[in-house]
Amino acid sequence: MKEIYQHYVKTSEINTPIFIKLSHADHNYWYNFKSDSNHKYDKNHYLYNTRSYRLGQMNSELFIRKSITGQYVIVLTSIMAKSILIKERFAYLISLFSPNKKKYDIYFEKFSAGASESAFELFKYAFKMGDSCVYILEKDHPEFQNLKQQYGRALVGKNSFLAFYHIFLARSFQSSDLVGHIQRRLYDNDYLIKKKVLATDKKIMLQHGPCMATNIFERGYFNRKVPIAPDYMLVNSNFEKNLFLKNTGYTDKELMVTGLPNIDLYVKEQQSEKNQITFMLTWRPWDLTGSIEVGSYLDRYFSFLELIREEKFYKDKKINVILHPKSRIILQEQFPDIYEKYEESFFEGDIKDALLNSKVVISDYSSITFYAFAGGSNIIFYWEDKALAEMEYGAPNILQKEIAFGGIVEKFKDLHSEIVYSYNNPQSPFHIAQFSKLMECTSGHNTENTYDYIQNIIFENEHNPLEEESAFSIPEKQSSAS
């Protein structure tokens with residue numbers, strides 16, 4: 001276990017496939033450690049796992065799961081309090097004896113950690129309509145108590161008894177990211193929630209952001225062979241819909257061309273005064289390094305900070321320099337002196353507020369560019385490392401020069417002049433036309449349209465037999481923390 005943990009420290013690999021190595025005098029032979037050499041795909045793979053073994057001194061747990069090909073995989077994950085397991089089992093048992101078997105629509109965002117994306121906008125509308133709806137949110141979220149006062153029992157804390165109870169009585173899962181993020185923790189060996197998710201045929205993904213920046217299809221993000229892949233996908237245009245039809249197993253009727261609900265927030269603020277500038281680059285998974293190299297993610301931020309300090313143009317303007325959360329942690333832990341030097345320059349607060357108030361937004365491969373443009377901001381695509389990024393992503397980006405809806409900068413020395421031009425001019429008709437091809441749903445009514453579409457899905461399949469298989473039992477080898 002110590003060796004497995006050290007492998008994780010060295011490589012950051014959460015999921016490690018298991019192989020058998022046979023040593024020979026002139027060659028080593030590697031065999032996949034699988035349950036059956038003639039293994040066939042089955043959804044039960046998703047349910048198979050061992051118990052969690054706790055690595056106390058390392059603040060981690062590990063377990064073994066089985067992939068959809070039958071491959072055994074070691075998973076390293078965070079320690080989970082035993083009280084969470086008790087609450088989950090108790091909630092499951094109580095749900096079996098619920099007197100009226102009332103069904104709920106469950107809403108949440110990535111890791112149940114936020115309340116600012118499309119799932120929350122849709123939940124607010126459903127709540128206003130009087131639906132049986134529940135929003136799940138981390139209790140340590142800064143706005144949890146305020147939101148609790150507004151929505152009462154409809155807002156519950158993640159990993160609470162009420163969260164588990166409502167999950168087991170869910171008729172739909174509507175989220176801004178994959179449904180797996182509703183689990184007790186990231187990379188979990190939970191059995192009961194997984195079983196419930198598999199038994200629910202209304203897993204609706206509202207998207208974390210438009211799927212038209214990097215080519216996430218090549219990375220298998222929407223692989224229909226994955227047992228808990230969404231049943232329905234929200235898209236923003238026929239252009240995006242065709243990307244799904246071409247690159248995934250989704251059919252026409254499983255793709256909802258209703259547009260992101262939280263785009264409405266930006267559309268309604270198009271004409272508001274904007275006088276800020278936001279700089280926010282995408283996190284680069286390959287850019288984990290023990291030194292700040294020239295051209296790296298952090299180096300570009302420091303270059304931009306020096307630029308706004310040197311140029312008079314920025315003196316009377318609010319500049320939002322937004323670090324990705326992962327890069328902030330790395331900077332704090334690995335380079336505390338540098339972090340302290342620049343700490344006051346980094347943006348604190350809701351990213352949405354920064355975007356809504358910005359005349360210019362500088363990014364590279366992030367979906368925030370779609371939100372910002374919808375809100376009236378000019379976009380600058382800073383693509384200095386585009387060739388490297390596409391090589392690391394494993395495929396060319398979807399967003400290329402011919403469909404870009406903003407200025408393109410390939411050298412840092414050209415960035416300042418492009419910022420000045422974009423700040424002093426409105427959105428160009430050409431960029432507006434480009435954007436409208438990619439984002440058709442900008443009427444300001446995406447929330448209502450998406451809600452109506454989903455209601456038709458729910459009531460059309462209200463008596464789906466899958467939903468009535470609620471009497472699944474706790475297995476003998478129920479996963480747990482040791």
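## Sheet, helix packing and backbone turns in a predicted model

Q207 is buried, with a relative accessible area of 1%, where buried means under 20% relative accessible area, exposed over 50% and partly exposed in between, calculated with a 1.4 Å probe on protein chains only. The model is a predicted one, in which local features need pLDDT of at least 70 and side-chain atom pairs count only at pLDDT 80 or more, while totals for chains, interfaces and linings use all residues. Residues are numbered from 1 along each chain as its sequence is written, and side-chain values use heavy atoms, with hydrogens and water left out.

Q207 lies in the loop between β11 (203-205) and β12; here helices (H or I, at least four residues) and strands (E, at least two) are DSSP runs numbered from the N terminus. Most residues other than glycine have a negative phi. The phi of Q207, however, is positive, near 75°, and N159, also not a glycine, has a positive phi of about 65°. N159 is placed in the loop between β9 and α5, and N159 is buried, with a relative accessible area of 14%. The table sets these two loop residues side by side.

| Residue | Phi | Loop | Relative accessible area |
|---|---|---|---|
| N159 | about 65° | between β9 and α5 | 14% |

**The parallel sheet**

Seven strands form an open sheet in the order β9-β8-β7-β10-β11-β12-β13, and their pairing is parallel; two strands pair if DSSP finds at least two bridges between them. At the edges stand β9 (155-157) and β13 (255-257), each of which pairs on one side only. On average, neighbouring strands of this sheet are turned by 25° against each other, with direction ignored. Within the sheet, strand β7 (residues 104-108) runs parallel to strand β8 (residues 133-137) and is joined to β8 by three bridges, and Y107 has Y135 of β8 as its bridge partner.

Helix α3 (residues 118-128) packs on the sheet, where α3 touches β7, β8 and β10 (170-175) and its direction makes about 145° with that of β8. Contact means heavy atoms within 4.5 Å, and axes are lines fitted to C-alpha atoms, for helices over the stretch in contact, with angles running from 0 to 180 degrees between N-to-C directions. Helix α7 (residues 238-247) lies across β12 (232-235) and β13, running at about 170° to β13.

L243 is found in α7 and is buried, with a relative accessible area of 14%. Not counting residues up to four places away in sequence, L243 touches C211, M212, F217 and I398. L243 and I398 are 155 residues apart in sequence, yet their C-alpha atoms are 9.3 Å apart in space.

**Helix α3 and its surroundings**

Eight of the 11 residues of α3 are buried, so this helix is largely enclosed by the rest of the structure. The buried residues in α3 are S118, A119, F120, E121, L122, F123, Y125 and A126, and they pack against β7, β8, α4 (144-151), β10, α8 (263-267) and α17 (446-460). After α3 comes G130, whose phi is positive, near 80°.

The helices α3 and α4 pack at an angle of about 25°, with their axes 12 Å apart. That angle makes α3 roughly parallel to α4, since angles under 35 degrees count as roughly parallel, over 145 as roughly antiparallel, 65 to 115 as roughly perpendicular and the rest as oblique. The contact is made by F120, F123, K124 and F127 of α3 together with L147, Q150 and Y151 of α4. By class, the contact has five nonpolar, one polar and one charged residues, where Ala, Val, Leu, Ile, Met, Phe, Trp, Tyr, Cys and Pro count as nonpolar, Asp, Glu, Lys and Arg as charged, and the others, Gly among them, as polar.

**Helices α2 and α5**

The axes of helix α2 (residues 82-96) and helix α5 (residues 161-168) come within 8 Å and cross at roughly 40°, which makes α2 oblique to α5. On the α2 side the contact is made by I84, K87, E88, F90, A91, Y92, I94 and S95, and on the α5 side by F161, F164, Y165 and F168. These residues divide into nine nonpolar, one polar and two charged.

**The antiparallel pair**

Strand β2 (residues 19-23) and strand β3 (residues 28-32) pair in the antiparallel sense over five bridges. L22 has Y29 of β3 as its bridge partner, and a hairpin joins β2 to β3 through four residues.
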